[in-house]
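Dear colleague,

Here is the structure I said I would pass on. Please look it over first; my notes follow below.

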Amino acid sequence: MSKNTNRKTAPKGKMVRRFGVNVFGNTKYDRLLAKKSGANKKNRRPAKQSIYGQQLLEKQKIRFAYGVSEKQLRAAYAKAKNQGGVAGHNMLILLESRLDNVVYRLGLCSTRPQARQLVRHGHFTLNDRKVDIPSALVKPGDVIAVTEKSREMKVLRENAEVASAVSKPGWLSLNGMSGKVERLPERQEIPTIADEQIVVEYYSR
């Protein structure tokens, strides 16, 4: 992967165009992809990518989508591999079970980066206890809620209003500013950002 995809230096828009998928969840990047799609129809076919290059690209899509480091993604793969079943599916389910992702899926935050930031700042509770660790893993029966002090924050209040009118993934439920993990997600319920099997092949080398 070229250094243009380094999260500290590369503009997010450039990364989205390179990945070909809106890994950051912000709707403004959908317009960039639409423009790129139109431009590609006029341009020649892109150069064929090596297997290794494709593996790196798919891995980076997942990394940036979930906002995890290389170390965290490798650890998720290692844990997934030891769970039995399909390692790639297990890895995605683990990433979906992160607290910041669950807050995002509930609609209490509009993007994962926003969810990560607000969790770090202590605006959420997990089973009535304040938590500031975005990577904390939830389990069935867990309840995630906006803290009492944070319920008047404009951004959280507006997010909750929008979320109340939008359908949720089947494994989650929302009541006002409080959500519950009804069960862990199944692979078919997780939107496809990248080919996780290619990422498994990369880590299995």
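Helices here are DSSP runs of H or I with at least four residues, and strands are runs of E with at least two, both numbered from the N terminus. On that basis the chain has nine helices and five strands. Their order along the sequence is α-α-α-α-α-α-α-β-β-β-α-β-β-α. Please keep in mind that this is a predicted model.

On the chain as a whole: of its 205 residues, 46% are buried. The exposed surface comes to about 11500 Å², with carbon and sulfur atoms supplying 49% of it. If contacts between residues at least 6 apart in sequence are taken, 57% of them join residues at least 24 apart.

Ile-93 gives one example of such a residue pair brought together in the fold. Ile-93 sits in helix 5, which covers residues 87–96. Its relative accessible area is 18%, under the 20% cut-off, so Ile-93 counts as buried. Leaving aside residues up to four places away in sequence, Ile-93 touches Leu-184, Pro-185 and Ile-190. Leu-184 is 91 residues from Ile-93 along the chain, yet their C-alpha atoms are 7.3 Å apart.

The largest cavity holds about 40 Å³ of space. Its lining consists of Ile-62, Tyr-66, Leu-92, Arg-187, Pro-191, Thr-192, Ile-193, Ala-194 and Glu-196. By class, six of these lining residues are nonpolar, one is polar and two are charged.

Regards

How values were computed:
Residues are numbered from 1 along each chain as its sequence is written. This is a predicted model: local features need pLDDT of at least 70, side-chain atom pairs count only at pLDDT 80 or more; totals for chains, interfaces and linings use all residues. Side-chain values use heavy atoms; hydrogens and water are left out. On a 1 Å grid over the protein atoms alone, a cavity is a set of points where a 1.4 Å probe fits but cannot get out, and a pocket is an open set with protein on both sides within 12 Å along at least five of seven lines; lining residues have an atom within 4 Å of a point. Grid points are joined across faces, edges and corners, and a volume is the space filled by probe spheres set on the points. Ala, Val, Leu, Ile, Met, Phe, Trp, Tyr, Cys and Pro count as nonpolar, Asp, Glu, Lys and Arg as charged, and the others, Gly among them, as polar. Buried means under 20% relative accessible area, exposed over 50%, partly exposed in between (1.4 Å probe, protein chains only). Contact means heavy atoms within 4.5 Å. Accessible areas come from the Shrake-Rupley method with a 1.4 Å probe; for residues, only the protein chains shown count as cover.
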